[in-house]
Amino acid sequence: MELKDKTVAESKVETFHIIMPADMNDSGRLFGGALMNWIDEVAGLVGRRHAQMNVTTGSVDNLRFLRGAYLRDMVVVSGKVTHVGNKSMEVKVETFVEQSDGKRDLINRAYLTMVGIDENDRPARLPRLILETEEDKKEWGRAEVRRQIRRKQREEGFHFYDEDD
Ligand SMILES: CC(C)(COP(=O)(O)OP(=O)(O)OC[C@H]1O[C@@H](n2cnc3c(N)ncnc32)[C@H](O)[C@@H]1OP(=O)(O)O)[C@@H](O)C(=O)NCCC(=O)NCCS
């Protein structure tokens, strides 16, 4: 199948969740692990829609819990591609609590690197990202800075501090 270059809008994904008792931690807030699951799921869906192939999560950066969320809150997890390299892409995922009047409060932001995977389970070249709007272009510029930082950290051996290395 020939892969099609896509716009940012073509692969956007939003999922909605109502916080249930099973999603809570013992302090009465949304359990971080539950939210990370939803974030990874959205990034995987965005990645697959853009890539038109399987993708895997290479890394998660800058995952920041900005505010808590509580039982019965409506949570919206919203993801889009911000940058496409050769075989990897950056997906930005923002999470909001949506009030009954539709107003959204940001509770989490994360950047995931998703890697395209071919039928032999090896990294594969991805379709290009078509930048349509000023916002798409701004996001691309910011993502390029993060990509350089990630590369530098890998080159410098960010794992240096792991005890068993
Ligand atoms: C992610 C994975 C496929 C990368 O394999 P690899 O052989 O190192 O890949 P390559 O060196 O060919 O790099 C491919 C692309 O991925 C990027 N990449 C690889 N590892 C990365 C990491 N940890 N963080 C960010 N980007 C990464 C590279 O920069 C490259 O990007 P580019 O082509 O856009 O420049 C491999 O490490 C893997 O399978 N990891 C486990 C993933 C997984 O199972 N995730 C689910 C969560 S358990």
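**Surface, fold and two residues**

Guide: The accessible surface of the protein comes to about 10,000 Å², and 48% of that belongs to carbon and sulfur atoms. Accessible areas come from the Shrake-Rupley method with a 1.4 Å probe; for residues, only the protein chains shown count as cover. This is a predicted model, in which local features need pLDDT of at least 70, side-chain atom pairs count only at pLDDT 80 or more, and totals for chains, interfaces and linings use all residues. Residues are numbered from 1 along each chain as its sequence is written, and side-chain values use heavy atoms, with hydrogens and water left out.

Visitor: Which pattern does the protein follow along the sequence?

Guide: Helices (H or I, at least four residues) and strands (E, at least two) are DSSP runs, numbered from the N terminus. The protein has 2 helices and 7 strands. Read along the sequence, they give β-β-α-β-β-β-β-β-α.

Visitor: What is the radius of gyration of the protein?

Guide: The radius is taken over C-alpha atoms, and the globule rule is 2.2 Å times the number of residues to the power 0.38. For 165 residues, a compact globule would have a value near 15 Å; the value for the protein agrees with this, at 17 Å.

Visitor: Is Val91 buried or exposed?

Guide: Val91 is found in strand 5, residues 88–98. Buried means under 20% relative accessible area, exposed over 50%, and partly exposed in between (1.4 Å probe, protein chains only). Val91 has a relative accessible area of 0%, so Val91 is buried.

Visitor: Which residue of strand 4 does Lys80 stand for here, and is Lys80 buried or exposed?

Guide: Lys80 lies in strand 4, which spans residues 74–84. Its relative accessible area is 15%, so Lys80 is buried.

Visitor: Which residues does Lys80 touch?

Guide: Contact means heavy atoms within 4.5 Å, and residues up to four places away in sequence are not counted. Val91, itself in strand 5, is one of the residues that Lys80 touches.

Visitor: What joins the side chains of Lys80 and Glu139?

Guide: A polar contact is a pair of N or O atoms within 3.5 Å; within protein, one must be able to donate a hydrogen and the other to accept it, and residues adjacent in sequence count only if both atoms are side-chain atoms. The side chains of Lys80 and Glu139 are joined by a polar contact of 3.2 Å.
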